[in-house]
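Hi everyone, thanks for making the time this morning.

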Amino acid sequence: VLVGIALFKIVPLHIAGNTVLDAMSEQTNFAKVKSLDKIQYEIFVIAQDAGTPLVLQDIKIRRHGSDVIVSAKYTQSVSVFGYNYTYGFDKSVQKPVF
């Protein structure tokens, strides 16, 4: 029961982080037809819907040669039985622009 309660609080943080990573990967596919500001905003909206504390300024998008690089970083804490678990999200996606 204790493990179930702990997982009930921790697993959603990882699921939300993977949702943000998927959004970053998906949005880089549209780098040729969308502006970088639009991509940044769409990732932000998906992150907010997933319940992450990611702010718009922490989503960095830049072009490097023929590639687009998207990076995001945030931390989120949850208390489980007096223990503070901190989930650190620091991911980057790099894809070529077609």
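Let me start with a term we need: a residue is called buried when its relative accessible area is under 20%. And a salt bridge here is a side-chain nitrogen of Lys or Arg within 4 Å of a carboxyl oxygen of Asp or Glu. Please also keep in mind that what you see is a predicted model.

With that in hand, let's go to Asp67, which sits in strand β2, residues 67–80. Which side chain of opposite charge is nearest to Asp67? That is Arg62, and it is 9.1 Å away. Salt bridges are counted within 4 Å, so Asp67 is buried and yet has no salt bridge.

What does the side chain of Asp67 make a polar contact with, then? The partner is the side chain of Gln94, at 2.7 Å. Leaving aside residues up to four places away in sequence, Asp67 touches Arg62, Gln94, Lys95, Pro96 and Val97.

Now for the charged pairs. In general, side chains of opposite charge can pair when their charged atoms come close. How many salt bridges does the structure hold? There are 2.

One joins the side chains of Glu42 and Lys34, with an N to O distance of 2.6 Å. Glu42 counts as buried because its relative accessibility is 18%, while Lys34, at 22%, is partly exposed.

Glu42 also meets Lys38 in a salt bridge, this time at 3.4 Å from N to O. Both residues belong to helix α2, residues 36–49, and because they are 4 residues apart there, about one helical turn separates them. Lys38 is partly exposed, with a relative accessible area of 42%. Through shared partners, the salt bridges join Lys34, Lys38 and Glu42 into one network.

Last stop: the backbone angle I promised. Most residues other than glycine have a negative phi. Phe81 is not a glycine, yet its phi is positive, about 55°. Where is Phe81 found? Look in the loop between β2 and β3, the latter being residues 83–96. And is Phe81 buried or exposed? Its relative accessibility is 55%, so Phe81 counts as exposed.

That's my tour, and I'm happy to take questions.

Definitions and conventions. Residues are numbered from 1 along each chain as its sequence is written. This is a predicted model: local features need pLDDT of at least 70, side-chain atom pairs count only at pLDDT 80 or more; totals for chains, interfaces and linings use all residues. Side-chain values use heavy atoms; hydrogens and water are left out. Helices (H or I, at least four residues) and strands (E, at least two) are DSSP runs, numbered from the N terminus. Buried means under 20% relative accessible area, exposed over 50%, partly exposed in between (1.4 Å probe, protein chains only). Lys and Arg count as positive and Asp and Glu as negative; His and the chain ends are not counted. A polar contact is a pair of N or O atoms within 3.5 Å; within protein, one must be able to donate a hydrogen and the other to accept it, and residues adjacent in sequence count only if both atoms are side-chain atoms. Contact means heavy atoms within 4.5 Å.
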